[in-house]
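Have the structure open and follow along.

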Amino acid sequence: MILRSAARLRQCCGLDGMSYPSASLNPMAMNAQKSPYSASMGPRPSISPDHKTLDRDTVAQLPKVELHDHIDGGLRPSTLLDLAQKSGYSGLPDAIMSQPEDARADALEEWFRTSAESGDLPSYLQLFAHTTAVMQTADAIERVTREAVEDLARDGVVYAELRFAPEQHQEQGLDLQHIVDAAIAGVRTGEQSAAAEDNPIVARLILCAMRNNNRSTEIARLVVDNAGDGSGYVVGFDLAGPEEGFSVREHAEALELLRENLVPFTIHAGEADGVGSMKDALALGASRIGHGARIYEDFGASLDGIELGPVAARVRDRTVALELCPTSNRQTGLVDSMEDHPLSLLYELGFTCTVNTDNRTVSGTTMTDEMLLLGECFDFGYDELLHLTLNAMDAAFLPLPDRQRLARDLIIPAYEELVGDPDMRGTSRTDGSSHHDDGADEHDPEGHSHDHAHGAHGHNHLGADTLNIDLGDLGLDDIDGLAGLDGLDLGDLGSDKRE
């Protein structure tokens, strides 16, 4: 396996037990610079340690933000079977198709989950031959996309960026624009049906080019054409597929076209390939990194603790969002066990972490499952979940007013309501804070300013005793997407104010 235990990394760097010899890299020191509550706010309430353990029912209802979800990795098993029958696809395993008809969906779901435990990315990607095979008509693409939006909304996701590669859906002659139109129709109807179920969601599309093909400039032009068509549904570009042997730099022309047209893009990097792939992605203008967990390979160790190399420092200091997908990362061999995943360490060191599913059906996971894993493996609580959610909301390829509205009307009120339960309140304490600014990344077309600290999990807590919250005291005042919430009174954001 690639990654040694994060616990062993802490030990070898003198960081075991949250002991950080170097003040400059001490996440507690970084947290002190931007404390969630300043002394001027009075006593600082916190979620009681007795209630730090996450509850499935509660987490399931919390608003979530999903930035990394492949449409073709999230088909409902029943839909895949239905589409396979309608299209005449006969490639599903005999072990599934020999089952009684009413047992096939459950068997297929379990087969995907078991097969995903391949331990390497190329084997994992082979599973998508079955899903893309049944997504070769406009009706199938629209249906799968609509159902993805509905399923995410039922899991509490209020904003999702769904991604897929149009070039993989042309076996029956569909042209690229018709494929995109079908996906947009699916997003639109999915949003409408989710709203009818009282599960409001905003969903957008990221179009992927496969890095092992030679069509990235064509797909980039498709993104540019659709991102500027006024619909607002296509918001970005991604390079996906096998990383090793397929350098990001081979797609420099496509990425230049995107930059010239001010279209943001994310790139799969730091999953199967290492630091070099992330360096190339950053140098060519990526706003976010798809996965990026292997950023740890740019860490050094000294008597002062962990030292960041130039790529790691760039990602942390410019707060480039990492689209981490813990379950998928374990399945593709990035770590031996979930406890070894670097998310917790990266979070403690101040990296801008987000949590995502990657492929819900193939990996057998949901956003609720991923968040619960963080609690089980890393002792994350509701405060950390809010932080990760706001990280993702800030990094979204969405206009500023929309990010503001989702944070103001859906995300923050739900957490305020959660900690409004008297049983969730802990003891009060007071912390001081100061402020620093680093500026924005010149390659961020959306104009996000990412200067807020993201570390020290387990020490920044929400509370309800003090409801008039200044975002500067939350360490969130520099997030462009949340700037309009400064001075927000959470008591004014009850469910009656939600759109």
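At what angle do H11 and helix H12 pack, and how far apart are their axes? The angle is about 15°, and the axes are 8 Å apart. Keep in mind that you are looking at a predicted model.

## H11 beside H12

You can find helix H12 at residues 252–260. Angles under 35 degrees count as roughly parallel, and H11 and H12 are therefore described as roughly parallel to each other. The crossing of H11 with H12 is right-handed.

Which residues make the contact? From H11 come Ser216, Thr217, Ala220, Arg221, Val223 and Val224, and from H12 come Glu253, Ala254, Leu257 and Leu258. Sorted by class, this contact of H11 with H12 has 6 nonpolar, 2 polar and 2 charged residues.

## H11 and H10

H11 (residues 216–227) also meets helix H10 (residues 176–196): their axes come within 11 Å and cross at roughly 50°. H10 and H11 are therefore oblique to each other. This crossing, too, is right-handed, as H10 passes H11.

On the H10 side, the contact is made by Leu176, Gln177, Val180 and Ile184, while H11 brings Glu218, Ile219, Leu222 and Asn226. The contact of H10 with H11 divides into 5 nonpolar, 2 polar and 1 charged residues.

## H4 across H6

Now turn to helix H4 (residues 77–87) and helix H6 (residues 104–115). Their axes come within 8 Å and cross at roughly 110°. Angles of 65 to 115 degrees count as roughly perpendicular, which makes H4 roughly perpendicular to H6.

Where do they meet? Pro77, Ser78, Leu80 and Leu81 in H4 meet Arg104, Ala105, Leu108, Glu109 and Phe112 in H6. By class, the contact of H4 with H6 has 6 nonpolar, 1 polar and 2 charged residues.

## The second largest pocket

How many residues line the second largest pocket, and which lie nearest its centre? The lining has 23 residues, and Leu125, Phe128, Met210, Ala240 and Gly241 lie nearest the centre.

Several elements each supply at least two residues of this lining: strand E1 (64–70), helix H7 (121–125), helix H8 (128–133) and strand E3 (202–210). By class, the lining of the second largest pocket has 11 nonpolar, 9 polar and 3 charged residues.

Notes: Residues numbered from 1 in each chain as written. Predicted model: local features only at pLDDT ≥ 70, side-chain atom pairs only at ≥ 80, totals over all residues. Heavy atoms only, no water. Axes fitted to C-alpha atoms, helices over the stretch in contact; angles between N-to-C directions. Helix = DSSP H or I, 4+ residues; strand = E, 2+ residues; numbered from the N terminus. Parallel < 35°, antiparallel > 145°, perpendicular 65-115°, else oblique. Left-handed = near helix turned anticlockwise from the far one by under 90°. Contact = heavy atoms within 4.5 Å. Nonpolar A, V, L, I, M, F, W, Y, C, P; charged D, E, K, R; others polar. 1 Å grid on protein atoms, 1.4 Å probe; cavity = no way out; pocket = protein on both sides within 12 Å on 5 of 7 lines; lining within 4 Å.
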